[in-house]
Amino acid sequence: MPGLALSKDQPIQIESDKLEIHDQESQAVFTGNVKVVQGTTTMQAGKMTVFYKKKQAADAKQADNPVAKAAKEQNQSLVSGDANIDHILVTDKVYLVSGTQTATADDGSFDMANQLAVLKGKKVVLTDGPNVFTGCQLTVHMATGEAQLDSCGGRVQIQLDPKSQQVQQQQKKN
C-alpha cells in the first residue's frame, strides 16, 4: 500500500460535524462525518481522536518557571497548529483511499512515532483496482508502504484479476 506513506510537507485538511479540544489531556476529538485529506490520501470515519505530545520548555529558566512553561505549552497545542501528534484512533466505520487503493474497516489506529497504521474489523477489505484482499486486520508501515493482512483465525481471501496485471505492464511501457 505505497500510497499510504504520509507526507509531512503537505497540509492536512480535516472536516467534521463537531470538534472538542481537551488541551489538558493533550487530545482533540472529531465526531460526525470526519473527513481527513492529505495529498492523494483521504480518510473518513465516524470519530477520530488525536493524541498529541506537549512540547517541553526550551531552556532551564522556563522549565523552572511553571507559569512560563504552561504558557509555552498552551501556545504549542493543536489549536495553534503546532502539535506533535503521537497517535490517532479512528472508529465507527473507517474508509481510506490512497491513490488507486481503498481500505475499509471498523476501527483503526495510526502510530505516528513508529509510522504504523492498523485497520481492524470483522471484515477488513483492501482493493487495488479490480483486485480484492479480505481479512480482519491490515497493518501498513507508512514509511515504506509495506502491508500485512491477517486472517484472525479464519482465512485471508484474495481475488486477483489477471487483466489488471496486463494494464499495469502497458502503463509502464508508455
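This tour moves from the whole chain to its salt bridges, one selection at a time.

Begin with the entire protein, which is a predicted model. A cartoon view shows three helices and 12 strands. Of the 174 residues, 31% count as buried. Switching to a surface view displays an accessible area of about 10700 Å², 49% of which belongs to carbon and sulfur atoms. Among contacts with a separation of 6 or more, 45% are between residues 24 or more positions apart.

Next, turn to charged side chains. Such side chains, when of opposite charge, can pair when their charged atoms come close. The whole structure holds three salt bridges.

Select glutamate 20 and lysine 18. Their side chains form a salt bridge with an N to O distance of 3.2 Å. Glutamate 20 is partly exposed at 32% relative accessibility, and lysine 18 is likewise partly exposed, at 45%.

Then select aspartate 86 and lysine 53, whose side chains meet at 3.8 Å, N to O. This pair links distant parts of the chain: aspartate 86 belongs to strand S5 (residues 84-91) and lysine 53 to strand S4 (residues 41-53), 33 residues apart. Aspartate 86 has a relative accessible area of 24% and is partly exposed; lysine 53, at 37%, is also partly exposed.

Finally, select aspartate 106 and lysine 93, joined by a salt bridge of 3.0 Å, N to O. Aspartate 106 sits in the loop between strands S7 (101-105) and S8 (107-111), and lysine 93 in the loop between S5 and strand S6 (94-98), so the pair ties together parts 13 residues apart in sequence. Aspartate 106 is partly exposed at 22% relative accessibility, whereas lysine 93 is exposed at 58%.

Conventions
Residues numbered from 1 in each chain as written. Predicted model: local features only at pLDDT ≥ 70, side-chain atom pairs only at ≥ 80, totals over all residues. Heavy atoms only, no water. Helix = DSSP H or I, 4+ residues; strand = E, 2+ residues; numbered from the N terminus. Buried < 20%, exposed > 50% of the residue type's maximum accessible area, 1.4 Å probe, protein only. Contact = heavy atoms within 4.5 Å. Areas by Shrake-Rupley, 256 points an atom, 1.4 Å probe, with all protein chains shown as cover. Salt bridge = Lys/Arg side-chain N within 4 Å of Asp/Glu carboxyl O.
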